Amino acid sequence: MGTKASRQKMIQKIIEKDEISTQFDLAEQLKKHGFNVTQATVSRDIKEIGLIKIPIEGNLSKYSMPVNISMGNIAERMRRMFMDNAVSINSAENIIVIKTLPGTAQGLAACLDQSNWPEIIGTIAGDDTIMLVIKEKNLVDSIMKKFDTLIN
């Protein structure tokens, strides 16, 4: 079957070689290369690798590797997203809740995930709310200060 790392490397090779438009097509290609995968596994791999869909001819799209984004670009994108979309930020214990404009929480949460701040265990995003779990209560103030500098 192969390891997760070898499967994900094969995914990268497949999408560089072929125009893959769906998770089903990707799973079929992986099976041809000896990886017995489910659609759920392919979906997780796509998310972990960070594949994006780009437009191709005929109003279609295909999976592609993301453009390399430097940490500076992530920080600037997050600053802009916070300034444009964050409505309020509050904390309780080791949880921070960010209210956003409708439809913008997931994009902002993705920026937070890409920032790899070691204090943040993870994010959960809905339509207009993000919940961040912070490793320890005593780290919440420093994260709140980081958010303050992003907004002001």
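1. Let me start with a loop: Asn59 sits in the stretch between strand S1 (52-56) and strand S2 (60-64). Strands here are DSSP runs of E, at least two residues, and helices are runs of H or I, at least four, both numbered from the N terminus. Asn59 has a positive phi of about 60 degrees, although it is not a glycine. At 82% relative accessibility, Asn59 counts as exposed (exposed is over 50% relative accessible area, buried under 20%, partly exposed in between, with a 1.4 Å probe and protein chains only).

2. Some housekeeping: this is a predicted model, where local features need pLDDT of at least 70 and side-chain atom pairs count only at pLDDT 80 or more, while totals for chains, interfaces and linings use all residues. Residues are numbered from 1 along each chain as its sequence is written, and side-chain values use heavy atoms, with hydrogens and water left out.

3. Glu93 is another one to look at. Its phi is positive too, about 55 degrees, and Glu93 is not a glycine. You'll find Glu93 in the loop between strand S3 (86-92) and S4, and at 57% relative accessibility it counts as exposed.

4. Thr104 belongs to the loop between strand S4 (95-100) and helix H5 (105-115). With a relative accessible area of 17%, Thr104 is buried. Leaving aside residues up to four places away in sequence, Thr104 touches Asn85 and Asp127 (contact means heavy atoms within 4.5 Å).

5. On to the rings. Phe82, Trp117 and Phe147 make up one aromatic cluster, and the count of aromatic pairs comes to two. Rings of Phe, Tyr and Trp (its six-membered ring) pair if their centres lie within 6.5 Å.

6. Trp117 also has a charge over it: the charged end of Lys146 sits over the Trp117 ring, 4.3 Å from its centre. Likewise, the charged end of Lys53 sits over the ring of Tyr63, 4.9 Å from the ring centre. The rule asks for NZ of Lys or CZ of Arg within 6 Å of the ring centre and within 35 degrees of the ring normal.

7. Finally, the overall picture. The chain has six helices and six strands, in the order α-α-α-β-β-α-β-β-α-β-β-α along the sequence. Its C-alpha trace spans about 50 × 35 × 25 Å along the principal axes. Of the 152 residues, 33% count as buried. Among contacts between residues at least 6 apart in sequence, 51% join residues at least 24 apart.

Terms used
Rings of Phe, Tyr and Trp (its six-membered ring) pair if their centres lie within 6.5 Å; planes under 30 degrees apart count as stacked, over 60 as edge-to-face and the rest as tilted.
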